[in-house]
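Trainee: Could you take me through how helix packing, and then the spaces inside a protein, can be read from a model?

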Amino acid sequence: MQTFLEFEKPIAELEGKIEELRHLTNAGDINIADEVAKLQAKVDKLLRQTYAKLTPAQKVQVARHPNRPHCLDYVQGLIEDFTPLAGDRHFAEDRAVIGGLGRFRGRSVVVIGQEKGNDTETRVRHNFGMAKPEGYRKAQRLMDLADRFKLPVVSLVDTAGAFPGVQAEERGQAEAIAKSIERCLRLNVPMVASVIGEGGSGGAIAIATADRVLMLEHAIYSVISPEGCASILWRSSDMAGEAAIALRLISQDLKELGVIDHVVSEPIGGAHRDPAETIRKLGDCIEQSLGEMDGLDGVTLRAKRREKFLEMGQKGLG
């Protein structure tokens with residue numbers, strides 16, 4: 001069942017009329033098929049117009065859409081013979097982080113991603129995609145495995161942020177994230193990260209410090225959520241819309257700033273309207289990015305990755 005966002009109400013009304021017509025039979029001079037076609041054309045036009053001028057706050061809504069494809073959808077659509085690996089070998093298994101081995105379009109790869117879940121049961125099971133320290137230590141273990149067997153790393157970023165609970169702090173959340181970022185930088189194999197929904201704070205950067213960072217057109221990527229930023233700066237989450245603008249968290253701004261390398265276009269109306277096409281497009285970009293790094297040795301990869309992130313800092317200070 002399609003879920004409509006607040007700004008999609010005019011589209012929802014038209015699509016409701018289309019559904020009503022489809023349940024009718026032709027009567028008199030009215031040709032149901034023709035009427036449906038006319039309304040569908042209006043829907044398509046309205047979708048294009050609406051999604052061509054989304055505000056940052058509206059993009060936040062799209063990035064969080066409940067029907068948007070999540071990590072496991074991409075794994076299922078892109079990775080053959082996926083073998084999940086569990087546990088950090090220190091404390092426990094963290095279901096917010098999905099990781100394992102598989103084949104991506106003929107290449108053996110290590111996959112690391114954050115899974116939010118798609119209904120109440122799976123969201124609770126995966127802790128809404130918010131990883132604890134053991135999740136980031138599992139990611140480090142998988143990167144060690146990738147280095148040992150010379151396998152590229154593909155990461156899928158989709159989290160509001162790392163889990164902020166007391167238990168996570170007691171087990172060293174900040175240290176686990178920092179070590180995960182460090183491990184990304186020390187990889188001797190290619191790494192391609194893709195922001196598929198929300199890329200929130202250090203929880204996202206922990207598995208996104210990559211040679212190539214891709215981002216879906218209507219995804220978001222920032223140091224803090226708009227609501228969190230508004231609560232700190234204005235003492236009110238009602239200012240989240242203004243915070244979303246100030247944070248410059250949309251893909252087009254981040255590409256201009258050099259934080260990401262490529263924006264992957266989404267189907268008209270967002271990834272949730274055509275998940276299969278979105279997954280295919282992202283797969284094409286991942287394949288191209290990995291191909292660009294074929295033949296590069298570990299020393300070269302590490303040096304280029306280091307320079308890439310140092311340059312971001314230098315631009316920011318400038």
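Mentor: Keep in mind that this is a predicted model. As a general idea, two packed helices are described by the angle between their axes and the distance between the axes. Here helix 3 (residues 56-63) and helix 11 (residues 240-247) pack with their axes 8 Å apart and at an angle of about 95°. Because angles of 65 to 115 degrees count as roughly perpendicular, helix 3 and helix 11 are roughly perpendicular to each other.

Trainee: Which residues in helix 3 and helix 11 meet?

Mentor: From helix 3 they are Pro56, Ala57 and Val60, which meet Gly241, Ala244 and Ile245 in helix 11. By class, this contact of helix 3 with helix 11 has 5 nonpolar residues, 1 polar and no charged ones.

Trainee: Turning to the spaces, what volume does the largest pocket have?

Mentor: The largest pocket has a volume of about 370 Å³, and of the 17 residues that line it, Ile205, Tyr221, Val223, Val259 and Met312 are the closest to its centre. The lining of the largest pocket divides into 13 nonpolar, 3 polar and 1 charged residues.

Trainee: How many cavities of 30 Å³ or more does the structure hold?

Mentor: There are 2 cavities of 30 Å³ or more. The largest cavity has a volume of about 50 Å³, and its lining divides into 4 nonpolar, 4 polar and 2 charged residues, with Arg64 and Glu198 among them. The second largest cavity holds about 40 Å³ of space; its lining has 9 nonpolar, no polar and no charged residues, and helix 4 gives the most to that lining, with 3 residues.

Notes. Residues are numbered from 1 along each chain as its sequence is written. This is a predicted model: local features need pLDDT of at least 70, side-chain atom pairs count only at pLDDT 80 or more; totals for chains, interfaces and linings use all residues. Side-chain values use heavy atoms; hydrogens and water are left out. On a 1 Å grid over the protein atoms alone, a cavity is a set of points where a 1.4 Å probe fits but cannot get out, and a pocket is an open set with protein on both sides within 12 Å along at least five of seven lines; lining residues have an atom within 4 Å of a point. Grid points are joined across faces, edges and corners, and a volume is the space filled by probe spheres set on the points. Ala, Val, Leu, Ile, Met, Phe, Trp, Tyr, Cys and Pro count as nonpolar, Asp, Glu, Lys and Arg as charged, and the others, Gly among them, as polar. Axes are lines fitted to C-alpha atoms, for helices over the stretch in contact, and angles run from 0 to 180 degrees between N-to-C directions. Helices (H or I, at least four residues) and strands (E, at least two) are DSSP runs, numbered from the N terminus. Angles under 35 degrees count as roughly parallel, over 145 as roughly antiparallel, 65 to 115 as roughly perpendicular and the rest as oblique. Contact means heavy atoms within 4.5 Å.
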